[in-house]
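Subject: Structure handover

Hello,

Please open it first, then read the notes below.

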Amino acid sequence: MSEITAELPAGRPMEGRSVADSTPIRPRSHSRPGRLRLKTVADLDGRVAELVKALGGPDAVSPGQRQACERAGMLTAIAEDLAARQLAGLPVTLDEVLRAEGVARRSVQAILANRPEPKPTERPGLAIARARWAEADRAKEQAKEKDSDHD
C-alpha cells in the first residue's frame, strides 16, 4: 500500500476532504488503449432535448442557448450520478451531492427563465362572453340612435 492511502480510513472519506482526496490512488496502466472513453453530450439521455423543446424547438434555439442546454444537461447528469453513488454507499459526501444538485438546478432555472412566453389560447367561455358584450354594445348604440332620431 502506498504512503498516501495508508493514512486514509478504509471506505470512508475524511471530513472536509473531497472524493478526489479520499479515494486511494491507483497507478493507471497506459498500455491498455481504449480503456478510458470520454463522454459527450450525445451520450446524455433526453435532458438536452427536453430543454431545447422548452425553448421552442431546435429551429428557435440560438447556438448560445444550445450550449447552455448542453451544459445544464451535463450538470444534471453529474448531480444525479453523485446522488446515486452516495445512495450506493460509495465515498461521496452529502455536501458534494447538494452542491452539484444546486448548480444543476440553477442552470436549468436560468434556461427556463429565458424561454419565450407561450401564445395565449382563447378559451371558449371567454369567446362567448366577448360575443355577448359586443351584442350588448350594439344594442346600446341602436337604442341611442333611436333616441336621437326621435328628438
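A salt bridge here means a side-chain nitrogen of Lys or Arg within 4 Å of a carboxyl oxygen of Asp or Glu. By that rule, the structure holds 4 salt bridges. Keep in mind that this is a predicted model.

Overall layout

The chain has 6 helices and 0 strands. Its pattern along the sequence is α-α-α-α-α-α. Of the 151 residues, 18% are buried. Among contacts with a separation of 6 or more, 51% join residues 24 or more positions apart.

Salt bridges

- Glu-80 and Arg-47 pair through their side chains, at 2.1 Å from N to O. Glu-80 sits in helix 4 and Arg-47 in helix 3 (residues 47–54), so the bridge ties together parts 33 residues apart in sequence. Glu-80 is partly exposed, at 42% relative accessible area. Arg-47 counts as buried, at 19%. The cut-off for buried is under 20%.
- Glu-70 bridges to Arg-66, with the closest N and O atoms 3.4 Å apart. Both residues are in helix 4, 4 residues apart, which means a separation of about one helical turn. Glu-70 is partly exposed at 22% relative accessibility. Arg-66 is also partly exposed, at 36%.
- Arg-99 bridges to Asp-95, and their closest N and O atoms are 2.9 Å apart. This pair lies in helix 5 (residues 94–113), again 4 residues apart, so about one helical turn separates the two. Arg-99 is exposed at 58% relative accessibility. Asp-95 is partly exposed at 44%.

A buried position

Which residues does Ala-72 touch, leaving aside neighbours within four places in sequence? The contacts are Leu-51, Ser-107, Val-108 and Ile-111. Ala-72 belongs to helix 4 (residues 63–87). Its relative accessible area is 0%, so Ala-72 is buried. Ser-107 is 35 residues away along the chain, yet the two C-alpha atoms are separated by 5.4 Å.

Surface charge

There is a negative surface patch. Asp-137, Glu-141, Glu-145, Asp-147 and Asp-149 form it. Of these, Glu-145 is found in helix 6 (residues 124–150).

Best regards

Methods. Residues are numbered from 1 along each chain as its sequence is written. This is a predicted model: local features need pLDDT of at least 70, side-chain atom pairs count only at pLDDT 80 or more; totals for chains, interfaces and linings use all residues. Side-chain values use heavy atoms; hydrogens and water are left out. Patches are made of residues with over 30% relative accessible area and no salt bridge: like charges are joined within 9 Å, nonpolar side chains (Val, Leu, Ile, Met, Phe, Trp, Tyr) within 5 Å. Accessible areas come from the Shrake-Rupley method with a 1.4 Å probe; for residues, only the protein chains shown count as cover. Lys and Arg count as positive and Asp and Glu as negative; His and the chain ends are not counted. The place of a charge is taken as NZ of Lys, CZ of Arg, CG of Asp or CD of Glu. Buried means under 20% relative accessible area, exposed over 50%, partly exposed in between (1.4 Å probe, protein chains only). Contact means heavy atoms within 4.5 Å.
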